[in-house]
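Work through the exercises below with the structure in view. Try each task before you read its solution.

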Amino acid sequence: MNLMTANIFAQWLQGTHGWLYVLILVLIVAIYLGFFAVAGLLLVLMERRVAGFFQLRLGPNRVGPWGSLQTIADALKLVSKEIFIPKFADKLLYKAGYYLVIITALIGISLIPFAREIQAFDINVGIFFISAVSSVGVLGILFGAWGSRNKYSLIGAMRSGLQMVSYELSAGFAVVTVVLMAGTLKLSSIVEAQHGTWFLFKGHIASIVAFMIFMIAGTAETNRVPFDLVEGESELGAGFHTEYSGMGFAYFFLAEFINMFIIAALTSTLFLGGWLAPFGITDALPAQWFWGLFWFMLKTMSVIFLMMWFRWTFPRLRIDQLLTLEWKYLLPIGLVNTVLMALFVWKDWLFDIGKIFGL
Amino acid sequence: MGYFNKIINAIKTLLQGMQVTGHYFFPNLFKRKYVITRQYPDEPPVVFERFKGEVVMWHNENNEHRCTGCQACEIACPNGSIEIIWKRELDPATGKKKKMIDKHIYHLGMCTSCSLCIQACPTNAIMWSTNFHSATYDRHSLTKVLNRPGSKLMAGVEE
């Protein structure tokens with residue numbers, strides 16, 4: 001299952017291959033779109049059940065076994081609803097908003113290495129590309145808010161932009177510490193470099209600090225609670241998607257959850273060894289692609305659960321607290337941490353299980 | 001508090017918060033230990049004794065009630081939910097005519113559950129029931145006659 005899409009695409013552009021390759025490209029896109037929809041629906045369901053258990057409730061449990069069809073029913077309802085565009089809305093930007101958000105989420109997901117060689121788009125600057133693309137997503141939010149001509153939407157979107165500009169920095173520094181250890185920006189190589197010791201443990205102090213910074217910044221970038229000033233219900237109605245109804249709203253909602261998945265997948269790729277089995281316990285088994293997917297999904301789901309735990313525990317930050325946290329705490333700590341990690345790598349003070357036990 | 005103390009304190013308190021919510025989540029995940037949701041049609045609901053469902057009149061096994069027809073509840077009711085239709089009939093014990101209730105009419109649809117009638121009643125004839133299945137398809141069925149047909153005053157209430 002070698003999906004060397006980038007190569008196929010390049011060869012197709014150069015005209016050395018025929019329409020078969022276009023067919024393969026379309027097939028891959030279809031697979032990713034299917035995954036996109038299924039993952040979105042499952043994550044919404046998971047969020048609601050988890051929220052229920054945190055709040056001593058049950059969550060949705062009536063539609064289908066254990067409520068498993070609840071989100072499908074919700075999606076059907078949203079599809080059947082009227083798409084209402086405000087009278088004075090800028091229709092082009094209004095519609096461009098959700099498409100941009102969805103497209104950036106899809107591009108982000110295409111770079112994630114799900115297992116060895118199960119990756120649509122394995123480029124040399126993978127992690128850099130993801131952080132670039134995920135910042136474009138905020139443009140979609142801004143477009144939608146500006147286009148819908150609602151001051152509360154715009155306030156929400158400006159906050160989103162502010163948050164993205166701030167937290168992208170510390171997320172970037174957390175990524176840089178990992179890149180220092182891995183020596184590459186390519187996501188599949190970053191995973192391969194974690195054979196033996198995951199990066200969470202390899203750089204001991206610096207790694208753990210980077211992990212914490214990345215989790216905080218990632219939660220902020222996906223606009224989730226404690227950092228959900230973008231939609232702060234009590235202040236802004238629903239924030240940037242106040243004026244959206246039906247599928248327009250559903251796209252934003254879906255993209256939000258897919259972005260959460262991307263951040264969690266990146267966390268597990270960068271720090272928790274991606275599709276590598278812990279201590280290599282399944283390396284000798286057949287069907288490596290299955291085990292790769294299994295471990296990757298297990299780690300990603302654990303990180304997603306952690307983010308849900310944050311969401312249902314912490315209260316929302318005020319805007320000044322948000323900026324104080326970023327510019328006075330995360331950024332200086334991230335800077336010092338990067339230098340510290342560079343020192344560790346230079347002096348080879350890394351924690352490596354293989355080296356310690358002489359394997 | 002210094003810079004680093006603040007960070008350590010923040011991490012400590014955040015973990016403390018997560019410990020509290022985690023303490024509820026994990027038992028709920030497998031055993032529903034702390035779940036307080038009652039799945040009403042499947043499970044019997046817990047109704048508290050002091051719940052104010054609707055006003056009822058107490059009757060004993062001989063179909064006797066304690067209402068003397070003094071109309072104190074009708075006067076006490078702020079929005080006229082209670083109407084008492086009374087009559088004068090011969091009292092078999094004394095052989096004289098006496099005031100007694102014909103119909104104690106209670107409009108559940110108008111009642112605000114303020115309890116003033118129950119506080120006003122000198123003989124404790126009416127009381128709250130905990131019945132909450134009050135929804136109907138026809139508002140006329142919300143007008144209720146509280147005394148049962150053929151019921152009469154319990155002996156010894158008026159002394």
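The exercises that follow concern a predicted model.

**Exercise 1. Secondary structure**

Task: State how many helices and strands chain A has.

Solution: Step 1. Count the helices: chain A has 14. Step 2. Step 3. Read the elements of chain A from the N terminus on. The order is α-α-α-α-α-α-α-α-α-α-α-α-α-α.

**Exercise 2. Overall shape**

Task: Compare the radius of gyration of chain A with that of a compact globule.

Solution: Step 1. Take the length, 359 residues. Step 2. For that length, a compact globule would have a radius of gyration near 21 Å. Step 3. Chain A has 21 Å, so the two agree. Step 4. The C-alpha trace of chain A spans about 70 × 55 × 45 Å along its principal axes. Step 5. Of the 359 residues of chain A, 43% count as buried. Step 6. Look at contacts with a separation of 6 or more. In chain A, residues 24 or more positions apart account for 78% of them.

**Exercise 3. A helix pair**

Task: Determine how helix 4 and helix 5 of chain A are oriented to each other.

Solution: Step 1. Locate them. Helix 4 of chain A covers residues 91–110, and helix 5 of chain A covers residues 126–147. Step 2. Read the geometry. Their axes come within 7 Å and cross at roughly 165°. Step 3. Apply the cut-off: angles over 145 degrees count as roughly antiparallel. Helix 4 and helix 5 of chain A are therefore roughly antiparallel to each other. Step 4. Helix 4 of chain A passes helix 5 of chain A in a left-handed crossing. Step 5. Sort the residues of this contact: 15 are nonpolar, eight are polar and none is charged. Those from helix 4 include A:Leu93, A:Tyr94 and A:Leu100, and those from helix 5 include A:Ile130, A:Val133 and A:Trp146.

**Exercise 4. One glycine**

Task: Decide whether A:Gly274 is buried or exposed.

Solution: Step 1. A:Gly274 lies in the loop between helix 11 (246–270) and helix 12 (288–311) of chain A. Step 2. Count neighbours. A:Gly274 has 28 C-beta neighbours inside 10 Å, so A:Gly274 counts as buried. Step 3. Leave aside neighbours within four places in sequence. A:Gly274 is then in contact with A:Pro113, A:Val191, A:Ser268, A:Thr269 and A:Phe296.

**Exercise 5. Between chains**

Task: Describe the contact of chain A with chain B.

Solution: Step 1. Count both sides. Chain A gives 10 residues and chain B gives 14 residues. Step 2. Sort the side of chain A that touches chain B. Eight residues are nonpolar, one is polar and one is charged.

Terms used:
Residues are numbered from 1 along each chain as its sequence is written. Chains are lettered from A and ligands numbered from 1 in the order in which they are written. This is a predicted model: local features need pLDDT of at least 70, side-chain atom pairs count only at pLDDT 80 or more; totals for chains, interfaces and linings use all residues. Helices (H or I, at least four residues) and strands (E, at least two) are DSSP runs, numbered from the N terminus. The radius of gyration is taken over C-alpha atoms; the globule rule is 2.2 Å times the number of residues to the power 0.38. A residue is buried if 20 or more other C-beta atoms lie within 10 Å of its own, exposed if 12 or fewer, and partly exposed in between; C-beta atoms are placed from the backbone. Two residues are in contact if their C-beta atoms, placed from the backbone, lie within 7 Å. Axes are lines fitted to C-alpha atoms, for helices over the stretch in contact, and angles run from 0 to 180 degrees between N-to-C directions. Angles under 35 degrees count as roughly parallel, over 145 as roughly antiparallel, 65 to 115 as roughly perpendicular and the rest as oblique. A crossing is left-handed if the near helix is turned anticlockwise from the far one by less than a right angle, and right-handed if clockwise. Ala, Val, Leu, Ile, Met, Phe, Trp, Tyr, Cys and Pro count as nonpolar, Asp, Glu, Lys and Arg as charged, and the others, Gly among them, as polar.
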